Amino acid sequence: MSASPLAAGTTPSWTTLAQEFPALQQTVNGHPLVYLDSAATSLKPTAVIDAVCEYYRDYPSNVHRSVHTLAGRATEAYEAARTQVAGFIGAQPDTLVFTHGTTESLNLVAYGWARRHLQPGDEILLTPAEHHSNLVPWQQAARATGAHLVYVDLTPEGRLDLAALRAAFTARTRLVALAHVSNVLGTENPIRDVVQLAHRQDAVVVVDGAQSVPHLPVSVSDLGVDFFAFSGHKMCGPTGIGGLYGRPERLAETDPLLYGGEMIAEVDRERATWADVPYRFEGGTPNVAGAIGLGAAVAFLDRVGMDRIAAHSRALAQEAAERLTQLPGVTVYGPPTDRQALVTFNCEGVHPHDVAQVLDSQGIAVRAGHHCAQPLMQTLAIQSSARASFYLYNTREDVDRLVDGLREVGRYFGR
Ligand code: PLP
């Protein structure tokens with residue numbers, strides 16, 4: 001890391017910063033890569049790759065088990081990563097459970113908390129903009145408990161309708177589940193307001209932070225949420241690692257999802273008791289390398305500065321949205337202002353997969369499909385769409401390349 005421009009304690013330009021990402025130092029289909037798919041997964045900086053390699057090379061031991069030196073080093077690094085990642089989201093280390101990502105975190109709440117606490121007739125409030133990972137677990141929990149899903153509509157611009165949310169609360173509302181930032185519309189939901197409304201009714205608030213933690217300074221304690229889920233791979237960390245924050249009183253009333261080694265206090269032939277929180281939720285050998293890599297990722301993001309990253313990605317997405325709106329035949333989805341780091345769009349008469357293919361032929365990576373948000377696609381009356389998402393390694397030149405690439409899509413399809 002000594003060669004890193006970040007190590008000097010200066011403020012490197014975004015172009016300099018991009019050099020920290022080895023995947024960007026390649027051409028794709030004969031063009032320098034423009035990576036606009038960070039909402040699906042982000043690129044990884046050298047600091048993260050090195051931290052993971054160092055673990056596997058120098059101290060590839062299990063954690064919380066053996067007493068030898070390598071195992072001690074692995075346990076220390078794993079727990080140091082917990083402290084670092086918890087600090088990054090404004091939480092205490094013992095309120096952060098390492099999971100394999102947002103999907104597992106939300107399932108842990110749906111199985112471990114919701115199935116234990118929901119009764120027939122209870123209501124779960126959701127929006128139609130939820131990612132399937134923050135929707136299907138609640139459908140299943142509702143089916144298992146006899147609870148009902150209640151959807152709160154969005155405004156015509158695609159924002160959360162707070163008046164509709166207020167009106168949707170009843171005496172049976174027990175849980176509100178929603179994204180902090182939509183992975184399709186780029187809207188940021190007013191979580192503090194939602195928490196205030198929900199807690200007045202003693203309802204629990206579960207936030208899907210998959211698209212916010214990578215891009216915004218987040219403090220779960222300031223937000224006041226009950227549970228908060230996120231994924232490491234979208235925030236410069238490795239795949240297969242993420243987290244669930246839970247308020248201490250909520251984690252105490254949550255059942256484990258995985259039973260087995262390492263999550264127990266005592267076991268006899270008939271029964272077992274559980275280890276303390278958060279260890280009771282980390283049954284089996286955890287993703288040690290992933291946690292260490294995620295620790296390195298948050299250290300990297302902290303050195304760049306989350307306020308800077310937020311402003312940068314937002315500005316690129318806003319500029320892209322405005323310029324795409326002016327292209328003939330292009331429809332941009334989501335509100336015209338306050339857009340977080342992504343822009344979702346369609347080109348009239350061209351399937352989004354074809355859009356993505358033509359862009360790829362120019363070295364530009366975007367996502368095309370339903371973005372794991374089929375109910376939202378139905379609300380927007382479309383089957384699918386293309387999405388360009390921005391992060392700290394993108395520049396204004398990348399927006400130029402996207403706009404030029406879409407002009408090429410238009411020419412290719414004779415528009
Ligand atoms: N929620 C949102 C808003 C997402 O964008 C994603 C991933 O795209 C997820 C949940 C699921 O994340 P993971 O696949 O890392 O579990």
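**Ligand shell, sheets and loops**

Q: Between which two strands is the loop that holds Cys 236?
A: This is a predicted model: local features need pLDDT of at least 70, side-chain atom pairs count only at pLDDT 80 or more, and totals for chains, interfaces and linings use all residues. Residues are numbered from 1 along each chain as its sequence is written, and side-chain values use heavy atoms, leaving out hydrogens and water. Helices (H or I, at least four residues) and strands (E, at least two) are DSSP runs, numbered from the N terminus. The loop holding Cys 236 lies between S9 and strand S10 (242-246).

Q: What is the phi of Cys 236?
A: Cys 236 is not a glycine.

Q: What is the omega of the peptide bond from Val 277 to Pro 278?
A: Pro 278 is in the loop between strand S12 (272-274) and helix H10 (288-304). The bond from Val 277 to Pro 278 is cis. Its omega is near 5°.

Q: How many polar residues does the shell around the ligand have?
A: The residues around the ligand include Ala 39, Thr 102, His 131, Asp 208, Ser 231 and Lys 234; a residue is near if one of its heavy atoms lies within 4 Å. Ala, Val, Leu, Ile, Met, Phe, Trp, Tyr, Cys and Pro count as nonpolar, Asp, Glu, Lys and Arg as charged, and the others, Gly among them, as polar. The shell has two nonpolar and two charged residues, and its polar residues number eight.

Q: How much of the ligand's exposed area does the protein bury?
A: Polar contacts are pairs of N or O atoms within 3.5 Å; within protein, one must be able to donate a hydrogen and the other to accept it, and residues adjacent in sequence count only if both atoms are side-chain atoms. Ligand oxygen atoms lie 3.5 Å from a backbone N or O atom of Thr 102, 3.4 Å from a side-chain N or O atom of His 131 and 2.7 Å from one of Ser 231. Taken alone, the ligand exposes 400 Å² (Shrake-Rupley method, 1.4 Å probe; for residues, only the protein chains shown count as cover). The protein buries 86% of that.

Q: Which are the edge strands of the open sheet of seven strands?
A: Strands pair if DSSP finds at least two bridges between them. The order is S4-S10-S9-S8-S7-S5-S6, with mixed pairing. Pairing on one side only are strand S4 (96-99) and strand S6 (148-151).

Q: Which residue of S6 stands opposite Leu 125?
A: Strand S5 (residues 123-126) and S6 run parallel. Four bridges join S5 to S6. Opposite Leu 125 stands Val 150.

Q: At what angle does helix H3 run to S4?
A: Helix H3 (residues 69-88) lies across S4 and strand S9 (227-231), where contact means heavy atoms within 4.5 Å. Axes are lines fitted to C-alpha atoms, for helices over the stretch in contact, and angles run from 0 to 180 degrees between N-to-C directions. Helix H3 runs to S4 at about 115°.

Q: Why is one side of S13 and of S16 left without a neighbour in the sheet?
A: The open sheet of four strands has antiparallel pairing in the order S13-S14-S17-S16. Strand S13 (330-333) and strand S16 (367-369) stand at its edges, so one side of each lacks a neighbour in the sheet: each has a single partner strand.

Q: Which helix lies across S13 and S14?
A: S13 and strand S14 (residues 342-347) pair over four bridges. Thr 331 stands opposite Asn 346 in S14. Running at about 15° to S14 is helix H11 (residues 306-325).
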